[in-house]
Amino acid sequence: MKLKTKLTLGVGLLFLLIVLLSVIGSVYINKLKSDTEKILTANYNSLEFSKNMLLALDKISTDSAVAVKDFKKNNALQEKNLTEFGEKEATQNLNLHFSSYLQHPDSGKEKLIREDLAKIMSLNMKGIERKSDIAIITAENATFWIVSLGTVCFLIAFILLFNLPQTIAEPINQLTSSIKQIANKNYNERVHFKGSEEFNDLANSFNIMAEKLQEYESSTLSKQLMDKKRIETLVNNMHDAVIGLDENHFIYMINDEALKITNLRKEEIIGKTAHEVAVNNDLMRELLKNMDHPVKEPIKIITDNKENYFEQEIVPINIARTGEKEKKYIGKVILLRNITPFKELDFAKTNFIATISHELKTPIAAIKMGVQLLGNQKFGELNDQQQELLKSINEDGQRLLDITGELLNLSQVETGNIRLNIQNCSPKEIVQTSIKNVEKLAEQKHISIQAQFLLEDNDFVAADLDKTIWVMNNFLSNAVKHSFQDESINITVEKSDSYVKFSITDTGSGIDEKYHRQIFDRYFQVPGEHQNGTGLGLAISKNFIEKQNGEIGVESSLNQGSTFYFKLPLTGKN
């Protein structure tokens, strides 16, 4: 029998038993839940109604109108909750006696009412006892089946634990020994397993590999040279520029594309160090500088009277010699990836977004003005449905206006046309203005915003006031959106070295750490969340803060809330 078949049968049976155990457990748990709910929704409510009627009966002599109203209210609820045998008749008698008591009050009729209520309570108490006994029997049955199936699962797992490792480990040990022989260049080594078909197939594959290695050992140098020529041809025909450096920065390889953009000849640079070539070549000097201090921005190179853009990537080469575990550095490859077509498309996209956003802003603003005029009812009164439609149009118009504003900001960021008015700004003014801007949004969810300033009143930051308030507004509106009802948002402003740090902490569901690097990317939104934005706000915020020589970041984990922060340079006293 194949090892796979054995594993499938053993593990499959164990899986089926576990599934059966889960199903039985779920069924009995739901049954217990149902029994408990019957007690809570039926009998407990009747007891509560009866108790309230007794309390109301006691108050009839002092506060007749309120007590009668309370008695009738609980009596009506009791009539809708008749679940026990005889409870209907007792409730009907209660109604008759209470009606008679209201017409001619006396102690005898009051006694009859109390007896009726006592009977209803007695019936429901007996019902609770009966249903509790049923729940106990259900729990005992669940325990029996779960323990029985659990024992069977344990026995199967125990058998697999003692038989499976030996079945797999012995052939692997034999194979390991044979591999060591091959590593010592004993290519005559062969393996032969007895047992399952899979290990026989493994033995055959190993033997074929040993034969191939034996053939490779006896191969000629000409074949290796031919393989090298193929690789060189492939590298030379790449559209990306490739420059290979050894561990001492000597250039041992450069393809035609790299020669073209550097205006160098192959015989002039092969065998020389990159620093020697960089003395008389501006591009090589720029590449070496970027190699020591990597930059994200693409490199602009003029070739064929046209601007071309390249992304520089440094690929280190590390190898582990045969028989060694530690890798050794033997050089690196400078790769210049031509992204000119993508850059041109990006420019076109940015111009298109900027144009469309600008054109949309005017008609949207006109729509909002028309909605405001209608809302003022200068042209006639509106009914409730019309006012609701008007409110929806106004909200959608505002959302479109916000989106076009974000797109315009994005186009400024991408084209580098951000106009900054850097001045000494008060951190308190930034925070208080932003709180005022989101006040109404927070009130809708009953969320309070608390601000704590851990710095002196005359400490200022070097910032563009409007754009910094925009970033703070974005952080606060996101915090309100993701916070739960009746919670609070905390703002902390404090010194951090030569910066002032603004932190906004919410009590929402938090963000998984694997998304922290992407959270400030354009159009990125955390998967699984209900989104109604564009995914641009945080990306624009990042650009606004970094253009002001600041830093931005997030600290968060699932179910622990989130803290978004940014830092701006601290200036002297104003």
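Two strands pair if DSSP finds at least two bridges between them. Strands (E, at least two residues) and helices (H or I, at least four) are DSSP runs, numbered from the N terminus. The model is predicted: local features need pLDDT of at least 70, side-chain atom pairs count only at pLDDT 80 or more, and totals for chains, interfaces and linings use all residues. Residues are numbered from 1 along each chain as its sequence is written, and side-chain values use heavy atoms, leaving out hydrogens and water.

**View A. Strands β4 and β5 pair in an open sheet.**
β4 (residues 306–319) and β5 (residues 328–338) run antiparallel, joined by ten bridges. I317 stands opposite G331 in β5. The five strands follow the order β2-β1-β5-β4-β3, with antiparallel pairing. β2 (251–254) and β3 (299–303) are the edge strands, each pairing on one side only.

**View B. N81 lies in the loop between α2 and α3.**
The loop links α2 (64–79) to α3 (87–103). N81 counts as buried because its relative accessibility is 13% (buried: under 20% relative accessible area, 1.4 Å probe, protein chains only). Its side chain makes a polar contact with the side chain of S46, at 3.0 Å. A polar contact is a pair of N or O atoms within 3.5 Å; within protein, one must be able to donate a hydrogen and the other to accept it, and residues adjacent in sequence count only if both atoms are side-chain atoms.

**View C. Helices α13 and α15 cross.**
The axes of α13 (residues 427–437) and α15 (residues 465–482) come within 9 Å. They cross at roughly 50 degrees. Residues in contact (heavy atoms within 4.5 Å) include I430 and V431 of α13 and I469 and M472 of α15.

Methods
Buried < 20%, exposed > 50% of the residue type's maximum accessible area, 1.4 Å probe, protein only. Axes fitted to C-alpha atoms, helices over the stretch in contact; angles between N-to-C directions.
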